[in-house]
Amino acid sequence: MSSSTPSPIPASDAPTLTGPRLRAVLDDIPTYRPGRSAGPGTDGGPAPYKLSSNENPYPPLPGVLEAATGAAGAFNRYPDMFCGALTSELAERFTVPVEHLATGTGSVGVAQQLLQATAGPGDEVIYAWRSFEAYPIITRISGATSVQVPLTAGEEHDLDAMAAAITDRTRLIFVCNPNNPTGTAIRRAELESFLDRVPGDVLVVLDEAYREFVDDPLIPDGLDLYRERPNVCVLRTFSKAYGLAGLRVGFAVAHAPVAEALRKTAVPFGVSGVAQEAAIASLRAEPALRERVTSLVAERERVSAELAGQGWTVPETRANFVWLRLGAETTEFAAVCEAAGVLVRPFPGEGVRVTIGETEANDLFLRAAAEFRKGR
């Protein structure tokens, strides 16, 4: 039996090389924009401080660097995929069952897992706007439709309007408390009233990335609400108060079916062994954490008061940042701050979010804000 060599395809019949077919939904999805990193200043000016990302300006908590360094010696091995030691530590710290915990690559990673577990084409996801920049991105990636409910004039969640937006297509509702980027927070009575109006088969995600900075007893701890409500899930992160932004560790507390779904949708081995050990050590450094949070909150209050004294309208913030609504002047204000040596986070046409950083950085920002104000 003889074999023959296939004849080459005539050039006129060859397929056009256009590249692989990608999902059309990606065409309209914006790329997540992180805060700019600090570097040399413009025109040879001062190297700017970075107040454009909600990072902790302090170094790792006592014992954390040592724990991470020790774990680094084993990174030729896969980490514990289910973060067993970390979830045990979290279960004890927050008095929740281990089976109610799930981890991921930062709280935003866990949020994306929640969408994979609950929403797809034809479904709707409700959240306030403006709120966390990732919500519309991860919603579109899941194939679901965003239902954005405008904030009130006071930069707060409009919970009545959010409740009215619920339909039989609603699968998930994000409630960012305190809200990023405005810093405003929802009090217990309002939040409980809202939760009472949400159907039991709709998952409500209380995104509490900034919970550690809340100093108002009227603002509820989401964990208290989740315990009696099977459709409530609480997101937390080690990126903010704990200062592990570069290691990407977040977690959710939810009732067993939701937590199990999160474990199914997690990227295998997504949380590194180094990150797991650093998170455990951070939880064990609670007294030092409290001291740092107290210091940052005091700076937050100082910055807010001085801005108000300059004539700015500053929403009451319970996070580690302040928000200034500048509208059309947003980009100009950000440029003035950069020239003064501080990078802030502009949302063009809306406003700027400014993280509370080192005292020196905060002072530079306040001077820039005062100069900008004088020119108006």
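Phe 365 is in contact (heavy atoms within 4.5 Å) with Leu 51, Val 303, Leu 307, Leu 324, Phe 333, Cys 337, Val 342, Val 344 and Val 354, leaving aside its neighbours within four places in sequence. This is a predicted model: local features need pLDDT of at least 70, side-chain atom pairs count only at pLDDT 80 or more, and totals for chains, interfaces and linings use all residues. Residues are numbered from 1 along each chain as its sequence is written, and side-chain values use heavy atoms, without hydrogens and water.

**Nonpolar cores**

A nonpolar core is a set of buried Ala, Val, Leu, Ile, Met, Phe, Trp, Tyr and Cys residues joined through side-chain atoms within 4.5 Å. Buried means under 20% relative accessible area, exposed means over 50%, and partly exposed lies in between (1.4 Å probe, protein chains only). The largest such core has 84 residues. Phe 194, Phe 238, Leu 307, Phe 333 and Phe 365 touch the most other members. At least three of its residues come from each of domain 1 (34-57 + 286-375) and domain 2 (64-284); the bounds come from an automatic or database domain assignment. A second, separate core has 24 residues, including Leu 115, Tyr 135, Val 205 and Leu 262.

**Helix packing**

Helices (H or I, at least four residues) and strands (E, at least two) are DSSP runs, numbered from the N terminus. Helix α3 (residues 106-118) packs against helix α8 (residues 256-265) at about 105 degrees, with axes 9 Å apart. Axes are lines fitted to C-alpha atoms, for helices over the stretch in contact, and angles run from 0 to 180 degrees between N-to-C directions. The pair is therefore roughly perpendicular (65 to 115 degrees; under 35 is roughly parallel, over 145 roughly antiparallel, the rest oblique). From α3, Val 110, Gln 113, Leu 114, Gln 116 and Ala 117 meet Val 258, Ala 261, Leu 262 and Thr 265 of α8. By class, this contact has six nonpolar, three polar and no charged residues. Here Ala, Val, Leu, Ile, Met, Phe, Trp, Tyr, Cys and Pro count as nonpolar, Asp, Glu, Lys and Arg as charged, and the others, Gly among them, as polar.

His 255 is in the loop between β8 (250-253) and α8. His 255 is buried, at 16% relative accessibility. Beyond four places in sequence, His 255 touches His 100, Tyr 226, Arg 227, Arg 229, Pro 230 and Val 232.

Ala 71 sits in helix α1 (residues 64-72). Ala 71 is buried too, with a relative accessible area of 16%. Its C-alpha is 8.7 Å from that of Ala 275, 204 residues apart along the chain. Neighbours within four places aside, Ala 71 contacts Gly 273, Val 274 and Glu 277.

Tyr 127 lies in strand β3 (residues 124-129) and is buried at 0% relative accessibility. Among its contacts beyond four places in sequence are Tyr 135, Pro 136, Met 162 and Phe 174.

**Backbone features**

Most residues other than glycine have a negative phi, and most peptide bonds are trans. The table lists exceptions.

| Residues | Feature | Value |
|---|---|---|
| Asn 177 and Pro 178 | cis peptide bond | omega about 0 degrees |
| Asn 180 to Pro 181 | cis peptide bond | omega near 20 degrees |
| Thr 95 | positive phi | near 55 degrees |
| Arg 248 | positive phi | about 60 degrees |

Pro 178 is in the loop between β5 (170-176) and α6 (188-197). Pro 181 is in the loop between β5 and α6. Thr 95 is exposed at 60%, whereas Arg 248 is partly exposed at 32%.
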